[in-house]
Structures are given as structure tokens and as C-alpha cells.
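Take a look at the two chains below.

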Amino acid sequence: MGAILNPLYSFVSGVIVLIHKALTPIFGFDSGVTWALSIVGLVVLIRIILIPLFVKQIKSQRALTALQPHMKAIQNKYKDDRQKQSEEMMKLYKEHKTNPLASCFPIIAQAPIFFALFTVLNGIAAKTDAGVSAPIARGFLKGEYLESAAQATFFGAKISQSFLGSTDTTVKIVTVILIFIMSATTFTTQRQLMVKGMPKMDASNNMMLQQQKIMLYLFPVIFAVSGVNFPVGVLIYWSTTNFWTWGQQFYVIKRNPTPGSPAYEELERKRKEKNKEENRDQSGTVIDPENTEPGQTGDVKGQRKQPKKKKKK
Amino acid sequence: MRRLIVAFINLYQKWISPAFPARCKYYPSCSSYAASAISHYGLRGVLMSIWRLMRCNPWSHGGVDYAVQPAKTFKNIEKTSVGVN
């Protein structure tokens with residue numbers, strides 16, 4: 001086990017110590033800000049490494065547009081048999097060597113890092129049986145770094161302390177706030193995807209929305225139950241990675257939405273409007289049919305476009 | 001023991017997985033696969049499930065992959081013991 005875990009500890013602590021070194025001139029060696037940002041930096045590094053996977057997935061999602069007719073045919077053919085429907089859909093993806101689904105990998109890949117960070121931070125907070133602080137050095141977090149990290153605080157709470165492992169009220173308040181942030185970001189991310197990012201679907205989507213309501217209450221409980229065991233530093237990692245996920249999704253929904261989703265329609269509309277603006281600029285005069293009065297042109301083109309204006313305003 | 005693990009998987013399917021968009025590249029999903037593999041093969045099923053999870057990665061193309069080939073007559077039993085999704 002050590003053969004697998006030790007490199008992980010070295011990696012996590014190495015990254016943190018490196019970023020800490022880089023930030024020391026700005027915030028100071030013992031500053032909690034330096035330590036907190038070092039953990040944030042670890043998240044940023046991991047998520048940057050994972051970006052190519054994300055891009056790959058988005059690309060194969062876009063490739064689906066070409067398969068749309070096939071998918072419609074399958075849906076119609078197996079209307080009453082959801083099992084058969086999903087089965088045929090998977091066969092189709094495999095045949096065309098494009099699979100829009102993300103797989104669990106991006107989540108599972110983060111788990112060892114998460115676990116290593118948990119162990120490294122818990123090592124900092126370790127105590128002897130008599131209750132005397134006796135930090136355990138893991139990886140590159142040793143010597144003066146270990147001592148400094150053991151004292152580092154995040155909004156007044158030591159980053160190595162957890163809700164259950166501490167009697168400090170500040171630690172309790174900070175962990176509760178972080179757990180709240182984790183729940184809120186998870187929920188917002190899922191909601192954003194449901195409302196804007198996915199093609200409109202039939203009844204199954206209603207079911208999903210129903211489930212969302214359950215999640216709104218259940219997920220904070222799950223996060224709370226696990227979160228009270230985690231050191232503040234791990235909660236910082238978790239919250240930051242949630243923010244990253246949200247931002248990444250926000251960017252994709254805004255700039256490169258899934259065809260058929262509400263966000264896609266909105267973008268199409270904006271593009272059309274932009275094209276119109278450009279037409280106007282090139283000719284120097286208004287050639288937008290919307291702005292020409294019907295009496296002035298009188299031709300079929302002007303009349304046909306007229307209802308569009310009414311609908312819009 | 002088998003039942004306990006399958007119960008945990010069912011719990012996941014019912015309460016956790018629906019909160020997120022579908023993400024498994026295979027049919028049936030990794031969790032359904034694991035549930036049926038473990039209830040049929042026990043320890044060997046656990047290894048099968050781990051191998052399945054490893055195969056479900058960004059570089060695979062997914063597809064249809066049953067742990068236990070569904071016989072037509074057993075279809076309904078399969079469904080109730082394993083759960084859909």
C-alpha cells in the first residue's frame with residue numbers, strides 16, 4: 001500500500017510546498033493566505049490536467065448532431081422499451097466511435113489526490129496520546145514547512161483541524177460555512193446544466209427535476225456527515241474544485257452549448273442579431289428589413305418580414 | 001454480504017446517481033453491472049465490477065456489456081433485483 005500512497009503524498013505535498021515557496025514573497029511564510037492559496041493552486045493544477053478530457057467529451061457531444069436522425073429512429077422504434085432504447089443507443093455510439101458520456105474517470109481520478117491531501121493534512125494535526133501536538137511529516141511537508149502549516153489559519157481556523165476533531169468555535173463556524181458552500185455550488189452546477197445546458201426532453205426531465213428537489217435536501221446532509229470529519233484544508237480543496245466545475249460548465253454553456261438546449265437557442269439568436277448589425281455597418285445604410293417601412297419598399301420581401309417585428313416587441 | 005453490497009448499490013442508484021446527468025459509457029451502467037455481477041458471482045463479481053469501472057474511461061467507446069447475459073424469461077426478475085438506471 002505504501003508503494004502507491006507514498007508517491008501520492010509526495011506529489012500532493014510537493015505541489016503545495018512549491019506553490020507555497022512561490023507565494024511566500026507576497027503573503028509571507030507563515031501566512032494562512034499562503035497556505036490556503038497553495039491548496040487552491042493544487043486544485044487548479046489538477047483541473048488543468050483534466051481539461052483535455054473535458055474538451056474531448058464536449059467534442060464527442062457535438063459530433064452527435066450528425067447522428068441525430070439515427071437517434072430519433074431508435075427512439076421511435078423502441079418507444080415503449082426504455083431498456084432496449086438505451087441498449088441500441090449505446091450500440092450506435094460504439095459503431096460511430098463517439099460516446100458523449102463522460103464516464104466516472106474525471107471523478108475517480110481526483111479521489112486519490114483528495115485522499116492524499118486528507119492524510120497529509122491530518123498528519124499535521126496529529127497528537128500524541130497525551131494530547132501533545134506531534135505533527136507527522138509526509139512527503140515534502142516537513143521541517144519548518146510542517147511547523148508553519150500546523151499553525152496556518154483560514155479565516156481564523158487552523159487548516160488541519162476538523163469540525164469533530166476540534167473544540168475551537170472558529171473551526172466549527174468555518175467548516176459549516178465551507179460545507180454550505182460545497183452544497184450550494186453542487187446544486188447550482190447541476191441546476192444550471194438541467195435548466196440551460198441540456199436539450200429539452202419529455203417526461204423523463206420532469207422526473208429529474210423532482211429528483212433535484214430531493215437532492216437539495218439530501219446532498220447538504222451527505223456533505224455535512226462527511227464534511228465534519230474533514231480538515232478545513234480538505235474542505236477548501238473540495239469547495240474550490242466545485243467552483244471550478246461550475247465555472248467550466250458556465251463557459252461551455254455560454255460559448256459552446258449543446259445543440260438543442262435552451263442555451264444553444266439563445267446563442268443562435270444573439271448571433272443572428274450580430275450579423276444584422278454587421279450588415280448595417282458594411283453598407284453604411286440600414287438594410288435591415290425590420291426597419292424599412294412597408295409603404296416605402298412595398299415589395300414582397302418587406303411585407304414578409306414585417307410580422308417578425310411585431311412578434312419581437 | 002452480497003446482499004449488503006447490492007443494497008448499497010441500489011441506495012446509490014436511488015438517491016445519489018439521479019442528481020447527476022447520466023455519465024456511464026456502457027449499457028447497463030457500471031452500477032447495474034456491479035449489482036448483477038456481485039449477486040451472481042460474489043467475489044469474482046467484485047473484481048468484474050472493478051474491471052468494468054476501469055474500462056469505463058474517456059478513451060473507451062462504451063457499448064452494451066452485460067455481467068450476466070439476460071435470458072428472456074429472467075428479464076423481469078433481473079429488473080427487480082437489480083433496478084434500472
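Helices and strands here are DSSP runs, numbered from the N terminus; a helix has at least four residues and a strand at least two. The model is predicted.

**Chain B**

Start with chain B. Four helices and two strands make up its secondary structure. Along the sequence they follow the pattern α-β-α-α-β-α. Chain B has 85 residues, and 29% of them count as buried. Now take the contacts in chain B between residues at least 6 apart in sequence. Of these, 65% join residues at least 24 apart.

One loop of chain B deserves a stop. B:P28 lies between β1 (26-27) and α2 (30-41) of chain B. The peptide bond that leads from B:Y27 into B:P28 is cis. Its omega is near -10°.

Next come two helices of chain B, α1 (residues 2-15) and α2. Their axes come within 9 Å and cross at roughly 165°. Angles over 145 degrees count as roughly antiparallel, so α1(B) and α2(B) are roughly antiparallel to each other. The crossing is left-handed.

Which residues of α1(B) meet α2(B)? They are B:R2, B:I5, B:V6, B:I9, B:N10, B:Y12 and B:Q13. On the α2(B) side, the partners are B:S31, B:A34, B:A35, B:I38 and B:S39. By class, this contact has seven nonpolar, four polar and one charged residues.

**Helix pairs in chain A**

From α3(A), the contact takes A:H70, A:M71, A:I74 and A:Q75. From α4(A), it takes A:Q85, A:E88, A:M89 and A:L92. Four of these residues are nonpolar, three are polar and one is charged.

The second pair is α1 (residues 2-27) with α5 of chain A. Their axes come within 9 Å and cross at roughly 80°. Angles of 65 to 115 degrees count as roughly perpendicular, so α1(A) is roughly perpendicular to α5(A).

Here A:L8, A:Y9, A:V12 and A:S13 in α1(A) meet a set of residues in α5(A). That set is A:P112, A:I113, A:A116, A:L117, A:T119 and A:V120. The contact has eight nonpolar residues, two polar ones and no charged ones.

| Helix pair | Angle | Axis distance |
|---|---|---|
| α1(B) and α2(B) | roughly 165° | within 9 Å |
| α1(A) and α5(A) | roughly 80° | within 9 Å |

**One helix checked by length**

The buried residues of α9(A) include A:V232, A:L235, A:Y237, A:W238 and A:I253.

**Loops in chain A**

A:S103 is buried, because 23 other C-beta atoms lie within 10 Å and the cut-off is 20 or more. A:S103 is not a glycine, yet its phi is positive, at about 65°.

A:F155 also has a positive phi without being a glycine. The value is near 50°. A:F155 sits in the loop between β1 (153-154) and β2 (157-158) of chain A. With 13 C-beta neighbours inside 10 Å, A:F155 counts as partly exposed.

**Where the chains meet**

Finally, look at the contact between the chains. Chain A gives 24 residues and chain B gives 20 residues. On the chain A side, α2 (32-62), α4 (82-95), α7 (169-197) and α8 (203-227) each supply at least two residues. The side of chain A that touches chain B has 12 nonpolar, seven polar and five charged residues.

How values were computed. Residues are numbered from 1 along each chain as its sequence is written. Chains are lettered from A and ligands numbered from 1 in the order in which they are written. This is a predicted model: local features need pLDDT of at least 70, side-chain atom pairs count only at pLDDT 80 or more; totals for chains, interfaces and linings use all residues. Two residues are in contact if their C-beta atoms, placed from the backbone, lie within 7 Å. Ala, Val, Leu, Ile, Met, Phe, Trp, Tyr, Cys and Pro count as nonpolar, Asp, Glu, Lys and Arg as charged, and the others, Gly among them, as polar. A residue is buried if 20 or more other C-beta atoms lie within 10 Å of its own, exposed if 12 or fewer, and partly exposed in between; C-beta atoms are placed from the backbone. Axes are lines fitted to C-alpha atoms, for helices over the stretch in contact, and angles run from 0 to 180 degrees between N-to-C directions. Angles under 35 degrees count as roughly parallel, over 145 as roughly antiparallel, 65 to 115 as roughly perpendicular and the rest as oblique. A crossing is left-handed if the near helix is turned anticlockwise from the far one by less than a right angle, and right-handed if clockwise.
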